[in-house]
Amino acid sequence: MSKLSRRQLIGIGLGATAGASGLAVATHLARRYGLVPPDHGGLYGAGETLTYAAQRLLTRHSLAREFPRSEISNPPFANPVAPLGPDFKRLQEGAFADWRLTVDGLVARPSSFSLAQLRSYPSRSQITHLACEEGWSYIAEWIGVPLSHVLDVVGILPNARYVVYFSFQPDWWDSVDMADASHPQTLLTYAMNGGELPVSHGGPLRLRVPRQLGYKNVKYITRLTVTDNIKAFGKGLGSASPEGGYAWYAGI
């Protein structure tokens with residue numbers, strides 16, 4: 001039998017503790033090892049903590065399944081989006097040449113990137129499954145720059161814990177921890193199925209987090225903020241905010 005790592009043993013212990021002695025003890029263990037999600041204080045906080053801690057310990061480096069090209073959905077489903085307004089239309093008419101991604105917060109070199117700059121960086125292509133919390137799903141090819149590369153360019157500081165990402169849509173944001181932000185499959189996508197990323201699917205720039213449900217894959221990304229505390233961002237439509245309605249961690 002292969003030896004289990006210390007992290008795996010802790011994860012198995014969390015699960016066993018939850019079953020034998022209740023979620024409160026499991027939550028205590030998660031706190032001890034710094035594995036507590038931002039929404040740990042809600043009604044389902046203990047359960048969310050157990051899920052997050054166990055998955056981080058046991059599957060931190062696992063990859064989402066990738067599919068052959070023959071499995072790409074035709075056509076991929078695009079859920080409707082409210083009109084984005086005249087400013088977005090102006091950017092679209094200019095082929096998004098003026099679109100910028102701002103990166104700030106706990107970074108050594110705050111920066112602003114054009115789409116051309118992002119396309120000049122090393123890219124990754126993946127054919128993965130996007131599963132929506134509403135029950136629909138599809139498989140598509142996504143092409144983009146790994147988020148980890150952009151974070152390396154700006155130089156994240158040692159106390160960074162989360163990356164908050166903001167949409168062009170007003171008050172729409174979400175966040176991931178550094179484990180997902182640095183994961184090789186987490187992309188800032190600008191292309192899909194061999195062409196530019198359609199506006200209906202979040203073009204010109206969408207965050208793709210294939211190890212999490214669809215609502216974490218926010219469309220129309222314009223800003224990234226690296227932080228040690230997402231509570232500082234207050235109320236909004238992000239999943240970790242009071243209006244979000246979904247769990248902060250949506251791992252699948």
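A search of the whole structure turns up 16 aromatic pairs, where rings of Phe, Tyr and Trp (its six-membered ring) pair if their centres lie within 6.5 Å, and planes under 30 degrees apart count as stacked, over 60 as edge-to-face and the rest as tilted. One of them brings Trp 173 and Phe 233 together: the ring centres are 6.3 Å apart and the planes sit at 40 degrees, so this pair is tilted. Trp 173 counts as buried at 5% relative accessibility, while Phe 233, at 23%, counts as partly exposed. Here buried means under 20% relative accessible area, exposed over 50% and partly exposed in between, using a 1.4 Å probe and protein chains only. Elsewhere, ring pairs link Phe 88, Phe 96, Trp 99, Phe 168 and Tyr 220 into a cluster.

A quick word on the model before going on. It is a predicted one, in which local features need pLDDT of at least 70 and side-chain atom pairs count only at pLDDT 80 or more, whereas totals for chains, interfaces and linings use all residues. Residues are numbered from 1 along each chain as its sequence is written, and side-chain values use heavy atoms, with hydrogens and water left out.

Now for the charged side chains. There are seven salt bridges, each being a side-chain nitrogen of Lys or Arg within 4 Å of a carboxyl oxygen of Asp or Glu. Take Arg 56 and Asp 177, whose closest N and O atoms are 2.7 Å apart. Helices (H or I, at least four residues) and strands (E, at least two) are DSSP runs, numbered from the N terminus. Both Arg 56 and Asp 177 are buried.

Asp 180 makes a salt bridge too, with Arg 211, and there the closest N and O atoms are 3.0 Å apart. Asp 180 sits in helix H7 (residues 178–181) and Arg 211 in the loop between strand S9 (206–208) and S10, so parts 31 residues apart in sequence are tied together. Asp 180 and Arg 211 are buried. Follow the shared partners and you find Arg 56, Asp 177, Asp 180 and Arg 211 joined by salt bridges into one network.

S6 also takes us to a sheet. Five strands form this open sheet in the order S2-S1-S10-S5-S6, with mixed pairing; two strands pair if DSSP finds at least two bridges between them. S2 (111–114) and S6 are the edge strands, each pairing on one side only. On average, neighbouring strands here are turned by 20 degrees against each other, direction ignored. Inside the sheet, S1 and S10 run parallel and pair over four bridges, and Asp 104 has Thr 225 in S10 as its bridge partner. The side chain of Asp 104 meets that of Arg 223 in a salt bridge (3.4 Å, N to O). Asp 104 is partly exposed at 21% relative accessible area, and Arg 223 is partly exposed at 30%.

Helix H6 lies across S1, S2, strand S5 (162–167) and S10, running at about 135 degrees to S2. Contact means heavy atoms within 4.5 Å. In H6 (residues 147–154), Leu 147, Ser 148, Val 150, Leu 151 and Val 154 are buried. Seen down the helix axis, the buried residues of H6 fall within an arc of 160 degrees, so they line one face of the helix. Just after H6, Gly 155 takes a positive phi of about 75 degrees.

Strand S4 (residues 137–146) is mostly covered, with nine of its ten residues buried. S4 runs antiparallel to strand S3 (residues 124–131), joined by eight bridges, and Thr 128 has Ala 140 in S4 as its bridge partner. The hairpin of S3 and S4 has five residues between the strands, and there Gly 135 takes a positive phi near 110 degrees. S4 also pairs with strand S7 (residues 187–192), in the antiparallel sense over five bridges; the bridge partner of Gly 144 in S7 is Thr 189.

Definitions and conventions
Arc of directions from axis to C-beta. Axes fitted to C-alpha atoms, helices over the stretch in contact; angles between N-to-C directions.
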